[in-house]
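Hi,

Here is the structure I promised to pass on. Have a look at it first, and my notes on the salt bridges follow below.

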Amino acid sequence: MQVSEEHLPGSIVALTVSVETEMVEKQIEVAYRKNASKVTVPGFRPGKAPRALIAERLNPEMLMREAVDDLIETSFQQALKENELIPIEQAKLSDLKLEDDKSFSYKVTFTVEPGVTLGEYKGVEVSITSTRVTDEMIVEEIEEILTQSTKYEDITDSGVITGDYVTIDYTMKVNGEDYPEGNVEGYPVEIGTDTLFAELNEGLLGIKVGEIVTIKTTYADDYSDKELAGKEAEFAITITNVNRRVRPEMNDELAMQLSNGTVQNAEELQTRIREHLERQAKESDSESIRTELVTKIVDAAVLEIPDVMVDEEVDALMHELQHRLSHNRFTLDDYADYMKTTTEAIQEEQHEIAIKVVRRSLVLANIAKNENIFVSEQDIDIAIMMQLMQQGVASDEKSLRKEMRKVRKDLNKDGRIQEIAGNIRQQKIIGFLQKNAKITVDGVLQEQATENNDIDDINADINASMVKPTEALEAVETAATETE
């Protein structure tokens, strides 16, 4: 067997395989023996008749086709092994040529994972300005809290003001004549924003519940309802209900109420808000560092991204988007209309995202390979355990052991264990890159921890928790043994 290898753009490989006559004849013999046992010749047991009689009943072309099919499969696998190639899609067969001497050749094309030429990924410089929490930010947060705490009260003793939610009944006249089809009961109005007719928002100001006011308007000549276009209308309006937004003032009582009693006064609440914003700022800064670091490393790499990998990622992104939309009873077309775009534009947007996702994945995977970064069963167990503890479903070692066994079983059954492993690996890779980066915050070079990754953070959290890591891991191992 002879194999010639050709590399084409897009990480596509073309193999031309030539199979000698001798190999074909041997495989024809294999096909003959396999089919001979099925041939019935009068006077002989199946497969025991003389070869000439059996051969008369077997189609030589059929044997040849069967031999060629088997040889294509085996020779292709052998060619992949000898050339150290791993297809990432179904190979395409072409140019099959059968010669008179029974030798043949064929061509197969397929996409392989692309080679990646990494740029420098150690010692990469990243510089950010940290986010500062200001007094103005505290005030804005409190304002938002107060806005969310706004209540609506029925107003009966004062006139309507802008922003009130009002319910009205009205009768209508057109050019001085009653217009019964225009009469309405229970029409809701937000004063200042209603679009029934322009004069309504101003005309109701100062009117109280139960009072009647007459408001006139003239419809435009091009008004959509031809029966009303260009005519004067008169509305006799009765206000039946007024709801007003009442925004509370921040005080010690409200602070206690909002915090469920965890703070005693407004000053303590402000302190809590500041601490919360500072945590958010720190997390945001950390994410900015990771994003800039990975972006620099990915952009420095040289690789050719296969279309098949991008197409698969696009399919996954579109499926995820449609799944999320379906929860809100939205179709993709509905979403496109809402976003004032087209489904084609959404598809193109997902395509651009997919290219970035695939590129990033390939670069990080090559770094992991270079640095021997892998995910152990212990890493997965710790991640599961931390999730359970954060959810508060396990109050002691026994219940933790039981829950971990159940979660492990469910994850393996659903095939999600690989997803978890992939996430952990990415965390470890980025942790490794951060450890080896030169990170400057506010002009000061940061000293990197000896072990700077999420798995070590998890370990630290566990050490301070109710269950020691060794005990928890022993519990997992015991559970696994019991399951087996």
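A word on terms before the findings: I call a residue buried under 20% relative accessible area, exposed over 50%, and partly exposed in between (1.4 Å probe, protein chains only). Bear in mind that this is a predicted model, where local features need pLDDT of at least 70, side-chain atom pairs count only at pLDDT 80 or more, and totals for chains, interfaces and linings use all residues. Residues are numbered from 1 along each chain as its sequence is written, and side-chain values use heavy atoms, with hydrogens and water left out.

Counting a salt bridge as a side-chain nitrogen of Lys or Arg within 4 Å of a carboxyl oxygen of Asp or Glu, I get 15 of them.

One of these pairs Asp-442 with Arg-132, with 2.8 Å between the closest N and O atoms. Asp-442 is partly exposed at 36% relative accessible area, while Arg-132 is exposed at 57%.

Then there's Lys-428 with Asp-379, whose closest N and O atoms are 2.9 Å apart. Lys-428 sits in helix H13 (residues 417–435) and Asp-379 in helix H11 (residues 377–391), so this bridge ties together parts 49 residues apart in sequence. (Helices are DSSP runs of H or I, at least four residues, numbered from the N terminus.) Both partners, Lys-428 and Asp-379, are buried.

Arg-290 and Glu-287 also pair up, at 3.0 Å between the closest N and O atoms. They are 3 residues apart in helix H7 (residues 266–300), about one helical turn.

Finally, a network of salt bridges links Glu-377, Asp-381 and Arg-408.

Cheers

Notes:
Helix = DSSP H or I, 4+ residues; strand = E, 2+ residues; numbered from the N terminus.
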